[in-house]
Amino acid sequence: MHRVVITGMGAISPFGVSVNTMRNGLNGGQSALKYDEALKFVVGAVSGEPVENRWPVGKQREMSKASMFALVASEEALLQAKAENLEHEETSVNIGTCMSDLLHIGETAQKVADGQTRKVSPYFVPRILNNLPAGYVAMKYKMRGGVEATSTACATGLHCIGNAFHSIRHGTSRRALAGAVECALNPIALAGFDRMRALAKGTEPNISRPFDKKRAGFVLSEGAGLVFMERLEDAQARGASILAEVLGYGISSDCYHISTPDPSAIGAVLSMRRAIKDSKGLEPQEISYVNAHATSTPNGDSVEAEAVRQVFPDQNIAVSSVKGHIGHLLGAAGAVETIATICAMNDNILLANLNLEETEDGDGMHILRENEKWTGETKISICNSFGFGATNASLVFRQF
């Protein structure tokens with residue numbers, strides 16, 4: 001088996017385009033969420049010049065916004081890894097997304113209903129296929145190690161990174177570009193989640209408040225997170241800067257309900273314990289931080305807190321979710337939060353739960369209210385993502 005390290009990262013978040021833009025916002029304890037007058041919700045829209053403006057009109061008709069996000073994030077990750085000109089015959093791609101281009105589907109459905117099928121775009125099918133963001137990236141860089149697009153709702157990003165990690169560890173791939181992208185900020189998605197009573201209501205950005213007693217739903221956001229992973233020996237041989245090592249990966253299913261976690265917390269417990277077991281000799285007490293999935297929903301946050309207590313008993317482990325800063329990126333959440341966690345390890349910062357005032361979930365753990373200095377020689381963290389359909393994933397990372 002091979003040790004696997006991360007040498008490049010690319011991110012698009014509500015803070016803007018680039019890892020450092022997000023890093024500075026998180027380290028500064030800022031919120032990137034804003035009320036959108038047209039959508040009538042607080043959302044996490046990517047700030048700055050629209051990413052799609054980087055392409056000519058013809059390409060904008062051909063590609064979905066998700067594909068464009070993937071190409072931009074992949075460029076940043078490969079540039080940081082100094083891997084854009086490597087021979088990528090054995091590089092695999094696993095870039096997933098949760099939601100198809102619902103707005104484009106809705107507009108197309110209306111044309112069909114109106115008998116205007118000749119006005120349907122010839123690019124309709126490519127724009128709604130969830131594997132096309134991965135496909136565009138693989139084609140641009142000639143990555144012939146295989147193209148996948150894992151799609152597991154809000155656990156997508158971690159599943160993509162975890163599956164790619166195992167592929168490298170066991171020799172199926174030599175290196176991989178993995179993560180997820182989400183571009184679901186539209187009236188259709190918001191209406192759907194609103195009807196499920198999943199969204200926070202209000203006009204102030206502080207309504208995304210993980211673990212807070214008054215939390216009442218999540219804030220929908222968009223973005224992308226990609227990491228470039230490779231064998232440790234390859235990274236060292238070419239003198240690459242190593243950002244973190246991936247130690248272990250665990251998955252599970254609650255088998256309870258399509259959108260509500262098992263109150264016993266069995267799903268989250270299993271995914272974390274399996275990730276730790278997969279880390280080959282790592283003990284739970286060696287982990288000092290949990291980057292929680294916590295979306296600011298009443299049941300979800302409490303169940304995850306209970307899972308942390310079971311996996312890390314009597315440890316008072318540090319716990320936080322960055323969804324108070326950037327909202328919930330659905331399928332891209334885990335990938336973006338992986339990057340946030342790695343930045344935090346390298347910056348020696350434990351990130352706060354933004355907007356946390358009073359919590360009922362803090363027994364047995366240190367739920368962070370403010371950014372704190374991350375001490376200790378070896379920093380090891382675990383990152384969680386849980387999705388509709390009772391699917392769960394956890395990844396363990398170590399500062400290198």
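Angles under 35 degrees count as roughly parallel, over 145 as roughly antiparallel, 65 to 115 as roughly perpendicular and the rest as oblique. This is a predicted model, in which local features need pLDDT of at least 70, side-chain atom pairs count only at pLDDT 80 or more, and totals for chains, interfaces and linings use all residues. Residues are numbered from 1 along each chain as its sequence is written, and side-chain values use heavy atoms, leaving out hydrogens and water.

**Annotation and overall content**
- An unreviewed UniProt entry carries the annotation "domain: Ketosynthase family 3 (KS3)" for residues 1-399; such annotations may be inferred rather than shown by experiment.
- Over residues 1-399 the chain is 34% helix and 21% strand, with 20 Å between the end C-alpha atoms.
- Helices (H or I, at least four residues) and strands (E, at least two) are DSSP runs, numbered from the N terminus.

**Helix packing**
- Axes are lines fitted to C-alpha atoms, for helices over the stretch in contact, and angles run from 0 to 180 degrees between N-to-C directions.
- Helix 7 (residues 156-169) packs on helix 13 (residues 333-347) at about 70 degrees, the axes being 5 Å apart; the two helices are therefore roughly perpendicular.
- Gly-157, Leu-158 and Ile-161 of helix 7 meet Gly-334, Ala-335 and Thr-338 of helix 13, where contact means heavy atoms within 4.5 Å.
- This contact of helix 7 with helix 13 has three nonpolar, three polar and no charged residues (Ala, Val, Leu, Ile, Met, Phe, Trp, Tyr, Cys and Pro count as nonpolar, Asp, Glu, Lys and Arg as charged, and the others, Gly among them, as polar).
- The axes of helix 4 (residues 102-113) and helix 8 (residues 187-195) come within 7 Å and cross at roughly 105 degrees, so helix 4 is roughly perpendicular to helix 8.
- Leu-102, Leu-103 and Gly-106 of helix 4 touch Pro-187, Ile-188 and Ala-189 of helix 8; by class, five are nonpolar, one is polar and none is charged.

**Nonpolar cores**
- A nonpolar core is a set of buried (under 20% relative accessible area, 1.4 Å probe, protein chains only) Ala, Val, Leu, Ile, Met, Phe, Trp, Tyr and Cys residues joined through side-chain atoms within 4.5 Å.
- The largest has 47 residues, and Ile-6, Met-9, Met-22, Met-229, Ile-339, Ile-342 and Phe-397 have the most contacts inside it.
- Helix 13 supplies the largest share of this core, nine residues.
- A second, separate core of 31 residues includes Ile-12, Val-137, Leu-226 and Phe-228.
- Not counting residues up to four places away in sequence, Ile-342 touches Ile-6, Met-9, Leu-243, Ala-244 and Phe-397.

**Lys-142**
- Lys-142 lies in the loop between helix 6 (132-141) and strand 6 (147-148).
- Lys-142 touches His-88 and Glu-89, not counting residues up to four places away in sequence.

Methods. Buried means under 20% relative accessible area, exposed over 50%, partly exposed in between (1.4 Å probe, protein chains only).
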